Amino acid sequence: MTNEEGGIIDDCIVHKSSAGFLNLVCNAGCAEKDFAHISERREAAVRSGLDITVEVKPQHSLIAVQGPKVASFLQQGIKEDLSELYFNHTALVDVWGIPCRVTRCGYTGEDGVEISVPDDAAVELVERLMSVSDEVKLAGLGARDSLRLEAGLCLYGNDINETTTPVEGALMWTISKRRRAARDFPGAEKIMGQFIAKPKTGKRRVGLVVERAPARPGYPVLNLEGETIGEVTSGSPSPCSGLNIAMAYVDSKYIKNGTPLLVQVRKRVFPATKVTMPFVPTQYYNPPK
């Protein structure tokens, strides 16, 4: 969701429903400004003759269940065949008798689901899930954060915000060819100008592997001459790979894979290498149809 300057208001999940509406899930911390933006755009669309209604679905919780065994555990509480629910597909189903929206997604890079459930049934649903197997565990945002970083996924407020564009954030895959051609979205001229510019200029989001020390948000990224050419936005030891991984924005001259760089960690400087993301292969559920 972009503003008129090409910056990112929020990164949202949008599903097209067979019932004829769009279902949007936004970041809770951005909900207020997202709704204001949508309401403003809706009013302009209605004035132009379109028929658009926006409804907020209150009193619902979102439970993410992630990992390679998620389908086998969750299937015990759902009549529908989860093998038919592909990555980023969604369905209204009863989960242990509780009406929910189950979506095959999640912010970990693993197979998983996100379950939208009425607030008053959320605790019951979590308890039912945990009773299925000792392998189902509660996990906090620290676990989610290391997994989403391994998958090369942005955290809003860290890696993207209203001052970064989809081009700078390496997120042009979210803008379809039709929209690129039509340029009918907020900030289109700036975004498409950056996209087609030759040579590439400005900053770009990249992946880094840092030797010996973990990089943290705000740490400077340097070239081999010691000049500051960027800044780390996310960084952590990777539990799955055993490496110290990070995302950073660097000058576009340094985005070639294998480029040697430096990261300043407090008063010391450590070698780093620009690498392709994701750092760990993703396991989204997309079997051949």
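How much accessible surface does the protein chain have, and what percentage of it belongs to carbon and sulfur atoms? In this predicted model, the accessible surface comes to about 16,300 Å², and carbon and sulfur atoms account for 54% of that area. Of the 289 residues, 42% count as buried.

The chain contains six helices and twelve strands. Its radius of gyration is 21 Å, close to the 19 Å that the globule rule gives for 289 residues, so the chain is as compact as a globular protein of that length. Taken along the principal axes, the box filled by the C-alpha atoms is roughly 65 × 55 × 35 Å. Among contacts between residues at least 6 apart in sequence, 59% join residues at least 24 apart.

A barrel is the next feature to look at. Six strands close into it in the order β7-β10-β9-β8-β11-β12, with antiparallel pairing. On average, neighbouring strands of this sheet are turned by 40° against each other, direction ignored. Helix α4, residues 141-150, packs on the sheet and touches β9 (228-237) and β10 (244-251). The direction of α4 makes about 125° with that of β9.

Strand β7 (residues 203-210) pairs with strand β12 (residues 268-275) in the antiparallel sense over four bridges, and here G207 of the chain stands opposite V275 in β12. Strand β12 is also joined to β11 by six bridges, again running antiparallel. In that pairing L261 stands opposite A272 in β12. Strand β11 (residues 260-265) pairs in turn with β8 (residues 220-222), antiparallel and over two bridges, and V221 stands opposite V263 in β11.

One runs from K198 to P199, with omega near -5°; P199 is in the loop between α6 (188-196) and β7. Another runs from M277 to P278, with omega near 10°, and P278 lies in the segment after β12.

Elsewhere in the chain, the loop between β5 (98-103) and β6 (112-118) holds D111. Is D111 buried or exposed? Its relative accessibility is 9%, and buried means under 20%, so D111 counts as buried. The side chain of D111 makes a polar contact with the side chain of R104, at 2.8 Å. Leaving aside neighbours within four places in sequence, the contacts of D111 are with Q66, G67, V70, R104, Q283 and Y285.

E55 counts as exposed because its relative accessibility is 73%, and exposed means over 50%. E55 and N23 are 32 residues apart in sequence, and their C-alpha atoms are 9.7 Å apart in space.

Two further loop residues have positive phi values. N88, in the loop between α2 (70-74) and β4 (90-95), has a phi of about 65° although it is not a glycine. With a relative accessible area of 34%, N88 is partly exposed. R183 lies in the loop between α5 (177-182) and α6, and its phi is near 50°, likewise positive in a residue other than glycine. R183 counts as partly exposed, at 32% relative accessibility.

Note on methods: Residues numbered from 1 in each chain as written. Predicted model: local features only at pLDDT ≥ 70, side-chain atom pairs only at ≥ 80, totals over all residues. Heavy atoms only, no water. Pairing = 2+ DSSP bridges. Axes fitted to C-alpha atoms, helices over the stretch in contact; angles between N-to-C directions. Contact = heavy atoms within 4.5 Å. Buried < 20%, exposed > 50% of the residue type's maximum accessible area, 1.4 Å probe, protein only. Polar contact = N/O pair within 3.5 Å; in protein donor to acceptor, adjacent residues only side chain to side chain. Rg over C-alpha atoms; globule rule 2.2 N^0.38 Å. Areas by Shrake-Rupley, 256 points an atom, 1.4 Å probe, with all protein chains shown as cover.
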